[in-house]
Amino acid sequence: MPRVLVMIPSGEVYNHDSVRWYRYQDVQRSINHYHNIGDAFVFDSTLKLLNFTKLRTLTISEFRQEDVDRLREEFDYVVLRGSNYIHSEMDWEFAEAVLKRLGLPVLAFGIGAQAPVDGRIELSESTKNVLRLISDSTESVGVRGAYTAQVLSDLGIRNARIIGCPTAFRKNDPELKISLPKVDEVRKIGLTIRREVSPAYARDIRQYLTFHRNLIKSFAGRFETTLFAQGEIEEKKLVLGTPDQKEEAISSLKDNSWVSQWYMDEDVERLYRTRLFYSDVVADYDAAVSACDLVLGYRLHGNLMALANGIPSIYFTYDSRTREFADTFKIPSFDVFSDKVFRLSDFWDQSSFDGFNGAYRQVFAAMQNFLNENNIDHKMGKSSEFSQFKKAATV
């Protein structure tokens, strides 16, 4: 089995293919720093699809020629963990020099582009060069959806494959289906929250936050609701911090003008104090979403984690990333900037999820084909769609 280098990992690996945040038991070490544990979901899920004997991080923060030459002899290929790399602010550090010297295939595992609210995406020469190096090193480049494939096509990269995200396939179940229970049987709701959002990507912060607030209050008033956070400092402190840090977190939230005006009222504060969930261990999220009857909200990978466990999920879309995920997997979604009123009953029909069930099998087959055509040793079993999608579409 192959020996794998990981470029831009997110967390430490234990038990061969499981991921948790670095030194996760030392809570105070990282409690004042934001890290999106959703990135660790992707890393963990990627490892669960691959066969390998040896794993190591490929450092791109420096370029040491002798170290790179040694790695070339000791490893077989590089995995670039799927994430939102294709945007105007991406810093690749010394990746271009490292990859040129290394000369190994670089498997882009579901990478994505982020479109700004206004204007076209602007990419640095470094980003363009790294993407072309990756494209030239392998048979194909794995992207999360059609928008990212088009961005690469505009750069002259024509070997993109739409493979979604490894998180969807973490259970390696080619025939996974979402079957809705009766709505009156729904008791436990998971709401994936995202309080922090950039005006560069979400066009109306006031509408975003007020909708978010009303959604939390509405579901908490009707169901046993857990609020799933993914790494914002204040939310993390409220779950893992000392009593003093919990109060600091509440004060900090109230001092934020956007939050105090449009998001945190007395009801949301009470729910933040009593219903928040956060963990630095991916397996904890896996177990928590599996205990829900429905998971919905703003988080790409939190929602996808639920779907991977067969739990119905609804996306609230607000930027190009969330729309691209929902489109790739045909996930029921609601645009938070629309003039419509969100009603759960509008989505609680099996036909709403049959689109996902079909798309899941197709994208599963596309992911499997992507790994096969790049000669990657993997664990994915054949889906019923595999023969139909044996030749993945090239954009």
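**Strands, contacts and cores**

Author: Four of the five residues of strand β9 (residues 188-192) are buried, so β9 is largely enclosed by the rest of the structure. Buried means under 20% relative accessible area with a 1.4 Å probe, protein chains only; strands are DSSP runs (E, at least two residues) and helices likewise (H or I, at least four), numbered from the N terminus.

Reader: What kind of model is this, and which atoms count?
Author: This is a predicted model, in which local features need pLDDT of at least 70 and side-chain atom pairs pLDDT 80 or more, while totals for chains, interfaces and linings use all residues. Residues are numbered from 1 along each chain as its sequence is written, and side-chain values use heavy atoms, with hydrogens and water left out.

Reader: How many bridges join β9 to β10, and how do the strands run?
Author: Five bridges join β9 to strand β10 (residues 224-228), and they run parallel; two strands pair if DSSP finds at least two bridges between them. The chain passes from β9 through helix α7 (residues 205-220) to β10 in a right-handed β-α-β crossover, that is, clockwise from the first strand over the helix to the second, with the strands pointing away from the viewer.

Reader: And which residue is the bridge partner of Ile189 in β12?
Author: Leu294 is the partner of Ile189. Four bridges join β9 to β12 (residues 294-297), again in parallel.

Reader: Turning to Ser313, is it buried or exposed?
Author: Ser313 counts as buried because its relative accessibility is 0%. Ser313 belongs to strand β13 (residues 313-317).

Reader: What does its side chain reach?
Author: The side chain of Ser313 reaches the backbone oxygen of Val295 at 2.8 Å. A polar contact is a pair of N or O atoms within 3.5 Å; within protein, one must be able to donate a hydrogen and the other to accept it, and residues adjacent in sequence count only if both atoms are side-chain atoms.

Reader: Which residues touch the most other members of the largest nonpolar core?
Author: Phe169, Tyr272 and Phe342 do, in a core of 94 residues. A nonpolar core is a set of buried Ala, Val, Leu, Ile, Met, Phe, Trp, Tyr and Cys residues joined through side-chain atoms within 4.5 Å. Apart from that core lies another of 35 residues, including Leu80 and Ile111.

Technical notes: Buried means under 20% relative accessible area, exposed over 50%, partly exposed in between (1.4 Å probe, protein chains only).
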